[in-house]
Amino acid sequence: MDRWIGRVAVVTGASSGIGAGIVKELAKTGVTVVGVARRKEKVQEIADQLKGEKGKIYAVKADITKEEEVIEAFKWIKQNLGGVDILINNAGITIKTMITDGEMENWNKMFQLNVLSLCSCTRETLNSLKSRGLDDGHIININSISGLRLTPRMGNMVYSATKFAAKAITEGLRLELAAANSKIRVTNLCPGLVQTEIFTSGGWGEMFEDQVGKAVLQPKDIADAVVFALSVPPGVQIADVTVRPTGEGV
């Protein structure tokens, strides 16, 4: 990780769960971290707690489902920190909803955040690297095992569709960069069940409670996988990582 010391990483959905865990671990390695979230105060609390670490944490408020706020956030980073070198597309939402009788509002929310916002943050990161003549950045998309296969868990199919789409975009971006002879690396990271508030807010409270104490990951487990993907030599690309808790069967 030495080559990333002092360089800038953007983490979306940084106020809690996996995003907060990633912010903490990257700061410990000496990376300058910009935590982007609607709840800026939560990111600032993390920054205050980790003041003594090698890397500094900046809290930036943005709703990344709104393109103008994405552009403003990256503009702030350019003006204050020079630009973005690493992007962790972590922000996401899961809503328990059926295809047979679900609501368009919920489907739109998931596709907007899990797919389209991922695209806009990726584009702005690539623009930032290009504007500085850099070709050694790294984009890590936090996907899900739901983006690898469907499960019999009813209400999860549309969410899975967004994660399948995110996987296709990740692989497509890798192809585009390879065609351009770029050395920017792209990683698709798929966690199994992680103990975060995303499930309770999405209507999956009972399902999650059934798993607590059994097979569940912690945010730090995913943050460690992010550090691993970043830390390999420049000529190595960790294209796909699946991290599941021991004993997870679904």
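Guide: Start with Ser 120. Leaving aside neighbours within four places in sequence, Ser 120 is in contact with Ile 64 and Val 70. Contact means heavy atoms within 4.5 Å. Ser 120 sits in helix α4. Helices (H or I, at least four residues) and strands (E, at least two) are DSSP runs, numbered from the N terminus.

Visitor: What kind of model is this, and which atoms count?

Guide: It is a predicted model: local features need pLDDT of at least 70, side-chain atom pairs count only at pLDDT 80 or more, and totals for chains, interfaces and linings use all residues. Residues are numbered from 1 along each chain as its sequence is written, and side-chain values use heavy atoms, with hydrogens and water left out.

Visitor: Why is Ser 120 called buried?

Guide: Its relative accessible area is 8%. Buried means under 20%, exposed over 50%, partly exposed in between (1.4 Å probe, protein chains only). At 8%, Ser 120 therefore counts as buried.

Visitor: How do you class Ile 71: buried, exposed or partly exposed?

Guide: Ile 71 belongs to helix α3. The relative accessible area of Ile 71 is 38%, so this residue is partly exposed. Beyond four places in sequence, Ile 71 touches Arg 123 and Glu 124.

Visitor: What makes α3 and α4 roughly parallel?

Guide: Helix α3 (residues 67-81) and helix α4 (residues 104-131) pack at about 30°, with axes 10 Å apart. Axes are lines fitted to C-alpha atoms, for helices over the stretch in contact, and angles run from 0 to 180 degrees between N-to-C directions. Under 35 degrees counts as roughly parallel, over 145 as roughly antiparallel, 65 to 115 as roughly perpendicular, and the rest as oblique. So α3 and α4 are roughly parallel to each other.

Visitor: Which hand does the crossing of α3 and α4 have?

Guide: Right-handed. On the α3 side, Glu 67, Val 70, Ile 71 and Phe 74 make the contact; α4 supplies Ser 120, Cys 121, Arg 123, Glu 124 and Thr 125. These residues divide into four nonpolar, two polar and three charged. Ala, Val, Leu, Ile, Met, Phe, Trp, Tyr, Cys and Pro count as nonpolar, Asp, Glu, Lys and Arg as charged, and the others, Gly among them, as polar.

Visitor: How are α4 and α5 placed relative to each other?

Guide: α4 and helix α5 (residues 157-179) pack at an angle of about 15°, their axes 8 Å apart. They are therefore roughly parallel to each other. Their crossing is right-handed. Among the residues in contact are Trp 107, Phe 111 and Leu 118 of α4 and Tyr 159, Ile 169 and Leu 173 of α5. The contact holds 15 nonpolar residues, three polar and one charged.

Visitor: What makes a set of residues a nonpolar core?

Guide: Its members are buried Ala, Val, Leu, Ile, Met, Phe, Trp, Tyr and Cys residues joined through side-chain atoms within 4.5 Å. The largest such core here has 37 residues, and Ile 22, Leu 26, Ile 57, Ile 88 and Leu 189 have the most contacts inside it. Helix α8 (residues 219-231) gives the largest share, seven residues. A second, separate core of 22 residues includes Val 70, Ile 139, Leu 173 and Val 186.

Visitor: How do you know that Leu 217 is buried?

Guide: Its relative accessible area is 6%, so Leu 217 is buried. This leucine lies in the loop between α7 (205-211) and α8. Residues that Leu 217 touches include Leu 193, Ile 222, Val 243 and Pro 245.

Visitor: What sets the phi of Asn 181 apart?

Guide: Phi of Asn 181 is near 55°, a positive value in a residue other than glycine. Most residues other than glycine have a negative phi. Asn 181 lies in the loop between α5 and β6 (185-191). At 65% relative accessibility, Asn 181 therefore counts as exposed.

Conventions
A crossing is left-handed if the near helix is turned anticlockwise from the far one by less than a right angle, and right-handed if clockwise.
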